[in-house]
Amino acid sequence: MRIEQLGEGDPEVAVVGGIHGDEPCGVRAVEQLIAERPRVERPVTLVIANEAAADQRLRYVESDLNRSFPGDPDGETHESRLAHALGQAIGDCTTLALHSTQSYEGMFALVDELGDVEREICPRLSVDAVVETGAAEGRIFDAVPTTVEVECGYQGSERAAENAVQVTREFLGATGVLPDAAAPHRSDLPVFRLGEAIPKRAAEEYEVFAENFEEVLAGETFAAADGEGVVADEAFHPVLMSAYGYEDVFGYTAERVGTLSG
């Protein structure tokens, strides 16, 4: 794990890239800030989390880091020990964690639940939606409670890297680390509450017909496995929906619960 600091004092803000080693966009954003070393108005911790996995371009070395929190200093896996160390380093910080996906070209934010801090930060980010995930064992929220995760675009794409740089600067503006004059201030962002995983059976070929965040109606065919349609039993909004992003699920159902303004 690489940790750098900009500014003097004890940081209350952090940015983390490289939680998954096969998602280079966050590493790019953190490395760019380290290289530029902009003048900051309050200190910030910058982290490249799973350097070993990033060096090998693997999602993880032994176990998924974002399923390993809060971790254990004597844990059996590299990621369990790393999760503990990361929590010790930034657990009290308001944190941005940068990711990418195989399911969505734009950006969206994920929070465990919308509190005052999340409602202050998310409107200032160039995201299309906010997703409340609820309690999910092993994720970064278990060690760093005040975290906003942002999916920055398609995994490995130049656009995702550019998005990661942009949203990091917006986050640092929203938290007072950098001037925030150029940041958006949107209160109309749609909010979704994550539901159940959508399983997919073993097949040679998968297809997805639904668009993420666009409602799928009951009775609608939204995906297929070897040409056999998968039909919605009830209406839902798809999140992280893709043909090959996950081994055994298409993605997740979600319910639209309103906007950040209510």
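Reader: What volume does the largest pocket have?
Author: About 670 Å³. Keep in mind that this is a predicted model.
Reader: Which residues are the closest to its centre?
Author: Arg59, Arg67, Leu240, Tyr246 and Tyr252. The lining of the largest pocket has 30 residues.
Reader: Which elements give two or more residues to that lining?
Author: Strand 4, strand 7 (147-154) and strand 8 (190-199). The largest share comes from strand 4, with three residues.
Reader: And by class, what is the lining of the largest pocket made of?
Author: Twelve residues are polar, ten are charged and eight are nonpolar.
Reader: OK, next pocket. What volume does the second largest pocket have?
Author: About 220 Å³.
Reader: Which element gives the most to its lining?
Author: Strand 8, with four residues. Strand 11 (228-231) also supplies at least two.
Reader: Which residues line the second largest pocket?
Author: Among them are Glu196, Ala197, Ile198 and Pro199. Phe222, Phe236 and Thr253 are also in that lining.
Reader: How many of its lining residues are nonpolar, polar and charged?
Author: Eight are nonpolar, one is polar and three are charged.
Reader: Switching to single residues. Where is Thr101?
Author: Thr101 is in strand 4, which covers residues 94-101.
Reader: Is Thr101 buried or exposed?
Author: Buried. Its relative accessible area is 7%, and the cut-off for buried is under 20%.
Reader: Which side chain does Thr101 join in a polar contact?
Author: The side chain of Ser103, at 2.8 Å.
Reader: And what is Thr101 in contact with, leaving aside neighbours within four places in sequence?
Author: Glu151, Gly153, Tyr154, Gln155 and Leu240.
Reader: Now Val167. Where is that residue found?
Author: In helix 5, residues 158-174.
Reader: Why does Val167 count as buried?
Author: Because its relative accessibility is 0%, and buried means under 20%.
Reader: Which residues is Val167 in contact with, again leaving aside those within four places in sequence?
Author: Leu96, Leu98, Met107, Leu125, Val150 and Cys152.
Reader: How many residues apart in sequence are Val167 and Met107?
Author: 60. In space, Val167 and Met107 are 8.8 Å apart, C-alpha to C-alpha.

Terms used:
Residues are numbered from 1 along each chain as its sequence is written. This is a predicted model: local features need pLDDT of at least 70, side-chain atom pairs count only at pLDDT 80 or more; totals for chains, interfaces and linings use all residues. Side-chain values use heavy atoms; hydrogens and water are left out. Buried means under 20% relative accessible area, exposed over 50%, partly exposed in between (1.4 Å probe, protein chains only). A polar contact is a pair of N or O atoms within 3.5 Å; within protein, one must be able to donate a hydrogen and the other to accept it, and residues adjacent in sequence count only if both atoms are side-chain atoms. Contact means heavy atoms within 4.5 Å. On a 1 Å grid over the protein atoms alone, a cavity is a set of points where a 1.4 Å probe fits but cannot get out, and a pocket is an open set with protein on both sides within 12 Å along at least five of seven lines; lining residues have an atom within 4 Å of a point. Grid points are joined across faces, edges and corners, and a volume is the space filled by probe spheres set on the points. Ala, Val, Leu, Ile, Met, Phe, Trp, Tyr, Cys and Pro count as nonpolar, Asp, Glu, Lys and Arg as charged, and the others, Gly among them, as polar.
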